[in-house]
Amino acid sequence: MKSSANGGKGLHQAQNAVYTAVMAGILLIGQVVMSGLPNIEPVSLLVIQFTLFRPKLARWAIAVFVILEGVLYGFGIWWFSYLYIWYILHFLTLLTRKMAGPLFCALLSGAFGLFFGILTSPFYLFVGGIGGWIAYVVSGIPFDLLHCVGNFFLMLVLFTPLRRLFLFLDGKLAG
């Protein structure tokens, strides 16, 4: 017969699995819903928020999200950068979590959007050579600028309400 300690561990693992699945689902739904807007996406906002909320589970949620992105959109060359790009943001958030306020996270998210094209470009160097890589990076500058502005304002506007929601869900927000 299982002890109550083991039952508690199993319940905790089940709760973590549900948190992870819900976080991955929210990442995917947020990305799909806003996919019609050029490089304006809630994924950066959510990766930062999830990392602040549940850092270990955020890692798993990112992995599930990346796999689901490949299943939904195909495993093209862009997909390989997703294997690391969201973990860069996760890691940067972990490194700077003590400074995590609305303005700082907006600046982090905006900078991530600005450099997204460069960060995702290494695979294009192998496929298109230096000329293809330069063309990819230069042609992406307008989209990276949009990505920067979109990330900045989404984070600035939604940081506090999402943080309160996550604290409430975690049972830490009074009233």
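This is a predicted model: local features need pLDDT of at least 70, side-chain atom pairs count only at pLDDT 80 or more; totals for chains, interfaces and linings use all residues.

Biologist: Where is T20 found, and is T20 buried or exposed?

Modeller: T20 is found in helix α1, and because its relative accessible area is 11%, which is under the 20% cut-off, T20 counts as buried.

Biologist: If I step back from the single residue, how many helices and strands are there in the chain?

Modeller: The chain has 8 helices and 0 strands, so that reading along the sequence gives the pattern α-α-α-α-α-α-α-α. Its C-alpha atoms fill a box of roughly 65 × 35 × 30 Å along the principal axes, and of its 175 residues 35% count as buried. Among contacts between residues at least 6 apart in sequence, 76% join residues at least 24 apart.

Biologist: What is the general idea behind looking for a nonpolar core, and which residues of the largest one touch the most other members?

Modeller: In soluble globular proteins, nonpolar side chains tend to be buried together. Here the largest nonpolar core holds 33 residues, and F65 and W86 are the ones that touch the most other members. At least two residues of this core come from each of α1 (4–33), α2 (43–53), α3 (55–73), α4 (77–95), α5 (102–114) and α8 (141–169), while the largest share, 8 residues, is supplied by α2.

Biologist: Which residues is F65 in contact with, leaving aside its neighbours within four places in sequence?

Modeller: F65 is in contact with A24, L27, L28, Q31, V43, Y82 and W86.

Biologist: Then in which helix does Y82 lie, and what does Y82 touch?

Modeller: Y82 lies in helix α4 and is buried, with a relative accessible area of 13%. Not counting residues up to four places away in sequence, Y82 touches F65, V66, E69 and F116. Y82 and G70 are 12 residues apart in sequence, and their C-alpha atoms are 9.2 Å apart in space.

Biologist: How should I describe a pair of packed helices, and at what angle do α3 and α4 pack?

Modeller: Two packed helices are described by the angle between their axes and the distance between the axes. For α3 and α4 the angle is about 160 degrees and the axes are 10 Å apart, and these helices are therefore roughly antiparallel to each other. α3 passes α4 in a right-handed crossing. The residues that meet include I62, F65 and V66 in α3 and Y82, L83 and W86 in α4, and the residues of this contact divide into 15 nonpolar, 2 polar and 2 charged.

Biologist: At what angle do the axes of α2 and α5 cross, and which residues make the contact?

Modeller: The axes of α2 and α5 come within 10 Å and cross at roughly 135 degrees, which means that α2 is oblique to α5. α2 passes α5 in a right-handed crossing. S44, L45, I48 and L52 of α2 make the contact with C105, L108, S109 and F112 of α5, and the residues of this contact divide into 6 nonpolar, 2 polar and no charged.

Methods
Residues are numbered from 1 along each chain as its sequence is written. Side-chain values use heavy atoms; hydrogens and water are left out. A nonpolar core is a set of buried Ala, Val, Leu, Ile, Met, Phe, Trp, Tyr and Cys residues joined through side-chain atoms within 4.5 Å. Buried means under 20% relative accessible area, exposed over 50%, partly exposed in between (1.4 Å probe, protein chains only). Helices (H or I, at least four residues) and strands (E, at least two) are DSSP runs, numbered from the N terminus. Contact means heavy atoms within 4.5 Å. Axes are lines fitted to C-alpha atoms, for helices over the stretch in contact, and angles run from 0 to 180 degrees between N-to-C directions. Angles under 35 degrees count as roughly parallel, over 145 as roughly antiparallel, 65 to 115 as roughly perpendicular and the rest as oblique. A crossing is left-handed if the near helix is turned anticlockwise from the far one by less than a right angle, and right-handed if clockwise. Ala, Val, Leu, Ile, Met, Phe, Trp, Tyr, Cys and Pro count as nonpolar, Asp, Glu, Lys and Arg as charged, and the others, Gly among them, as polar.
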